[in-house]
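I opened this entry to look at helix packing and aromatic pairs. My notes follow the structure.

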Amino acid sequence: MTDSSLLNSELELQQQEELYQQLLFQTRGKLQAETPDSTLIRPQPGLCVKTFSEPNKQKVFINICQSTSVPPPPQLSREELVQLLQSEDPSGYRVPMSLGEPHAETDNNSQGCTAYDVVINQDFFQKSQRDPLFQQFVILVSVEGLENKYSLELNRDWKVLKNRKFLGSVSEQNIRTKSRPVIQELQPQENAPACVKRPECSLVVEPPTGHPEYLIAEIKLPGVSSSRSLVLDVGEDRLVLTARPSLYHLDIFHPFLVDQQNSVAQYNKSTQILTVTMPVGSSAP
């Protein structure tokens with residue numbers, strides 16, 4: 001049985017009925033959950049980053065690797081990167097990467113530690129080696145990707161090891177050969193009305209520790225009086241919401257593969273918050 005607290009049981013029945021009748025789940029073909037084609041790759045070592053997990057201060061090493069099999073991100077100049085880092089929502093720029101499983105290793109002092117392998121496009125990695133700002137950006141998105149996928153908290157005071165490109169041994173990784181749907185659409189469309197806003201959205205998992213059973217999105221929609229104006233798309237690792245006419249637009253990726261068919265949405269008119277509860281199958285690769 002589903003925990004009723006996840007489904008906002010405090011909502012009045014008429015509000016729930018209205019939602020199920022009026023809120024349209026558009027499970028378009030390009031967002032269908034299907035088993036993607038994949039292939040095994042053996043990435044090339046790149047650089048090794050040392051940091052610590054919080055709050056227990058355990059050593060963590062991140063092996064940032066490179067491969068031509070991983071697609072490159074959109075073109076980004078140094079000036080655009082500076083603007084991106086200064087923006088309110090730098091997550092709008094997505095760097096394709098493969099996040100490997102944690103593996104136990106020993107450091108130079110024969111102490112136990114944990115290492116993760118992150119694989120990015122080879123050309124983008126080489127670009128990061130020529131510019132310290134791009135290198136720090138690559139490390140940042142790698143850290144954030146691992147935190148999201150494995151529910152970690154990693155110290156931002158990291159150190160790039162000078163004489164080591166990899167801790168442990170390079171392992172094969174399974175990556176998709178089929179492109180994820182319209183990944184470029186994370187960028188605002190040029191013909192989108194200027195008045196369209198990105199609503200405030202928070203993602204939480206239940207239970208908060210261990211393997212998550214549900215991914216819950218809470219989206220604040222001030223000014224939306226009825227669910228009739230909402231159009232919601234739930235993809236396997238993507239959530240798209242539009243509030244018409246030209247009021248809000250949200251397009252985000254998350255690090256889980258969810259069960260689209262059994263996902264449930266409820267809109268509370270009094271708080272003007274849309275809650276989307278999505279059963280979690282596994283973490284997205």
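The model is predicted: local features need pLDDT of at least 70, side-chain atom pairs count only at pLDDT 80 or more, and totals for chains, interfaces and linings use all residues. Residues are numbered from 1 along each chain as its sequence is written, and side-chain values use heavy atoms, with hydrogens and water left out.

I then took the geometry. Helix 2 (residues 78–86) packs on helix 4 (residues 132–150) at about 45°, and the axes are 10 Å apart. Axes are lines fitted to C-alpha atoms, for helices over the stretch in contact, and angles run from 0 to 180 degrees between N-to-C directions. Helices (H or I, at least four residues) and strands (E, at least two) are DSSP runs, numbered from the N terminus. The two helices are therefore oblique to each other (under 35 degrees is roughly parallel, over 145 roughly antiparallel, 65 to 115 roughly perpendicular, the rest oblique).

I listed the contact (heavy atoms within 4.5 Å). Helix 2 gives Arg78, Leu81, Val82, Leu84 and Leu85, and helix 4 gives Leu133, Phe134 and Phe137. By class I have 7 nonpolar, no polar and 1 charged residues (Ala, Val, Leu, Ile, Met, Phe, Trp, Tyr, Cys and Pro are nonpolar, Asp, Glu, Lys and Arg charged, the others, Gly among them, polar).

Next I checked helix 3 against helix 4. Their angle is about 130°, with axes 5 Å apart. That makes helix 3 oblique to helix 4. Phe124, Lys127, Ser128, Gln129 and Arg130 of helix 3 meet Pro132, Phe134, Gln135, Phe137 and Val138 of helix 4. This contact has 5 nonpolar, 3 polar and 2 charged residues.

How many aromatic pairs are there? I count 2 (ring centres of Phe, Tyr and Trp, its six-membered ring, within 6.5 Å; planes under 30 degrees apart are stacked, over 60 edge-to-face, the rest tilted). Tyr116 and Tyr150 have ring centres 5.5 Å apart and planes at 40°, so the pair is tilted. Tyr116 sits in strand 7 (residues 112–121) and Tyr150 in helix 4, 34 residues apart. Tyr116, at 6% relative accessibility, counts as buried (under 20% relative accessible area; exposed is over 50%, partly exposed in between, with a 1.4 Å probe and protein chains only). Phe124 and Phe134 have centres 6.2 Å apart and planes at 80°, so this pair is edge-to-face. Both Phe124 and Phe134 are buried.
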